[in-house]
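Have it open next to you while you read.

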Amino acid sequence: MADQFDLIVIGSGPGGYVCAIRAAQLGMKVACVEKRATLGGTCLNVGCIPSKALLQSSESFDDAAHHMADHGILIGEVKLDLARMQARKADVVGANTKGVEFLFKTNQVTWLKGTGVITAPGKVSVDGTENEAKNIVIATGSESMPLPGVDVDEKTIVTSTGALELDKVPEHLVVIGGGVIGLELGSVWGRLGSKITVIEFLDRIIPGNDGEIAKNFQRVLEKQGFTFKLGHKVTGATKTDAGISLTVEPAKGGDVETITADVVLLAIGRRAYTEGLGLAAIGVETDPRGRVVTNGHFATNVAGIYAIGDVIAGPMLAHKAEDEGVALAEILAGQHGHVNYGVIPGVIYTWPEVASVGKTEEELKAEGVEYAVGKFPFTANGRARAMGMTDGFVKILADKRTDRLLGCHILGPDAGTLIAEVATAMEFGASSEDVARICHAHPTLSEVVKEAALAVDGRALHI
Ligand code: FAD
Ligand code: NAI
């Protein structure tokens with residue numbers, strides 16, 4: 001007889017594994033299907049965690065090579081041991097994926113190793129073995145978007161997965177796509193010595209983020225050695241003796257030029273991954289972008305089948321997937337799980353970091369919302385000066401009439417940590433006045449958030 005479960009989750013990324021654990025906490029008998037050799041999905045294996053490990057290591061390298069001397073610390077010649085850096089990254093990934101395996105054991109979640117196919121509502125076959133469950137969750141994540149004419153081999157033409165595994169620092173890395181992956185991984189290899197050229201289709205980088213932040217961010221990256229070719233597209237990539245030859249042309253048409261790189265990183269977005277799941281056969285609806293269509297309770301159009309994470313609409317972020325996993329498990333247990341999509345922070349882990357939550361100025365304008373802006377630069381903050389990290393600013397957007405916080409955008413040191421305060425405030429429906437009146441420790445970077453909140457009403461103190 002087939003094994004019986006209350007819930008089978010397909011995919012063990014941050015959406016799937018968190019959903020499985022929360023459902024088990026709530027008393028369900030849970031299995032999670034994962035075809036990869038280790039748990040944790042894209043995020044732990046080839047995404048968030050390895051990229052942050054390399055960002056950390058390359059930042060330390062860059063500090064040692066270029067910034068320690070400013071503090072009076074003379075190191076001498078700084079050498080790179082890339083093999084060791086990569087081995088450290090592998091250890092960090094291993095500790096995290098093993099951690100999920102441990103959590104599955106302690107929560108009694110069964111790992112069904114292999115590829116899951118939904119053969120009928122309530123039935124999941126894993127490498128040919130039938131399993132049954134009252135409910136099924138699709139948490140199969142996403143994959144890198146291909147580009148016709150640019151054939152990925154993960155050695156010289158790579159996606160993020162290959163870019164995390166390079167065993168030599170490329171002399172010239174050309175990044176196709178000025179988004180999050182391109183700028184994070186471009187930063188890693190740029191710090192380690194590569195010349196970085198970013199070819200971006202639009203006339204700006206990091207679309208979706210606040211335009212003013214994007215402009216300033218681009219300037220800072222250019223100071224670090226990035227070259228941007230905005231408003232251009234790559235139409236083909238050919239391997240030659242001199243490297244990869246890319247044909248590049250203006251997005252709006254014009255003269256074609258050739259750019260040669262020794263490694264090309266293709267990072268033009270990700271798309272939902274549902275290959276081989278059997279969705280068409282059982283009639284699960286997908287949208288034109290291949291994403292599984294769900295209602296406000298993560299239910300698909302087929303009873304008993306749900307979906308969360310990158311495979312459904314919304315930002316492709318690990319914490320969004322996790323929160324959906326928790327909410328869905330609670331809904332299945334008869335509780336009132338909920339995700340507030342208006343307050344999902346986004347962070348780009350470059351130097352300096354970029355962090356945002358809520359609406360951008362462009363969105364507020366398009367919606368016809370009247371708003372007030374408060375800005376404060378890190379140059380006017382004592383702690384930032386002491387750290388020698390004064391690039392960037394905090395920008396707070398509040399409703400002109402009610403002063404309620406509508407959004408916050410930060411370019412600066414530790415922006416990813418600073419944004420949490422504003423996200424918390426927004427969850428509580430706070431005004432900029434509320435944030436301005438909170439006592440912030442001195443000297444900390446968080447005082448820049450307080451000053452930006454004061455600036456909404458024109459009363460910043462230190463400028
Ligand atoms: P995934 O993590 O993609 O997991 C899906 C899992 O399902 C995979 O392990 C896959 O093997 C498995 N699977 C698929 N089909 C089947 C099947 N039929 N049977 C069995 N198993 C199957 N997000 C952030 O918030 N912060 C970051 O810093 C960040 N950095 C990133 C860096 C990179 C380089 C990349 C590529 C992504 C990054 N992301 C980051 C995005 C983040 O990784 C995703 O949003 C997140 O992993 C989505 O989680 P998920 O559970 O929906 O799917
Ligand atoms: P992205 O959507 O962030 O950026 C893709 C960029 O490529 C855009 O600027 C787009 O205009 C451009 N583009 C599209 N087609 C192009 C073409 N043909 N030629 C040139 N440029 C083109 O996607 P990216 O960087 O691939 O990342 C995918 C997703 O992974 C992110 O959107 C994010 O959800 C997630 N991620 C999150 C991270 C984080 O939270 N720190 C880190 C890395 C990834």
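1. Ground rules first. This is a predicted model, with local features needing pLDDT of at least 70 and side-chain atom pairs counting only at pLDDT 80 or more, while totals for chains, interfaces and linings use all residues. Residues are numbered from 1 along each chain as its sequence is written, chains are lettered from A and ligands numbered from 1 in the order in which they are written, and side-chain values use heavy atoms, with hydrogens and water left out.

2. Domains. The chain is assigned domain 1 (3-143 + 271-339), domain 2 (157-268) and domain 3 (343-456); such bounds come from an automatic or database domain assignment. Over C-alpha atoms, the centres of domain 1 and domain 2 are 28 Å apart. Contact (heavy atoms within 4.5 Å) links 16 residues of domain 1 with 14 residues of domain 2.

3. Around ligand 2. The shell holds 22 residues, with Glu184, Glu200, Gly269, Met316 and Val347 the closest; a residue is in if one of its heavy atoms lies within 4 Å of the ligand. Both domain 1 and domain 2 supply at least three residues each. Helix α6 (residues 180-191) gives the largest share, 3 residues; helices here are DSSP runs (H or I, at least four residues), and strands are too (E, at least two), numbered from the N terminus.

4. Look at the pairs of N or O atoms within 3.5 Å, the polar contact cut-off. The side chain of glutamate 184 puts an N or O atom 2.8 Å from a ligand nitrogen. Valine 347 uses a backbone N or O atom, 2.7 Å from a nitrogen of the ligand. Isoleucine 181 also uses its backbone, at 2.9 Å from a ligand oxygen.

5. Serine 12. You'll find this residue in the loop between β1 (3-10) and α1 (14-25). Serine 12 counts as buried because its relative accessibility is 0%, buried being under 20% relative accessible area (1.4 Å probe, protein chains only). Its side chain makes a polar contact with that of glutamate 34, at 2.9 Å.

6. Aspartate 399. Strand β21 (residues 393-399) contains this one. At 18% relative accessibility, aspartate 399 is classed as buried. A polar atom of its side chain lies 3.1 Å from the backbone nitrogen of threonine 402. Leaving out residues up to four places away in sequence, aspartate 399 touches Val369, Glu370, Tyr371, Arg404 and Leu406.

How values were computed:
Polar contact = N/O pair within 3.5 Å; in protein donor to acceptor, adjacent residues only side chain to side chain. Buried < 20%, exposed > 50% of the residue type's maximum accessible area, 1.4 Å probe, protein only.
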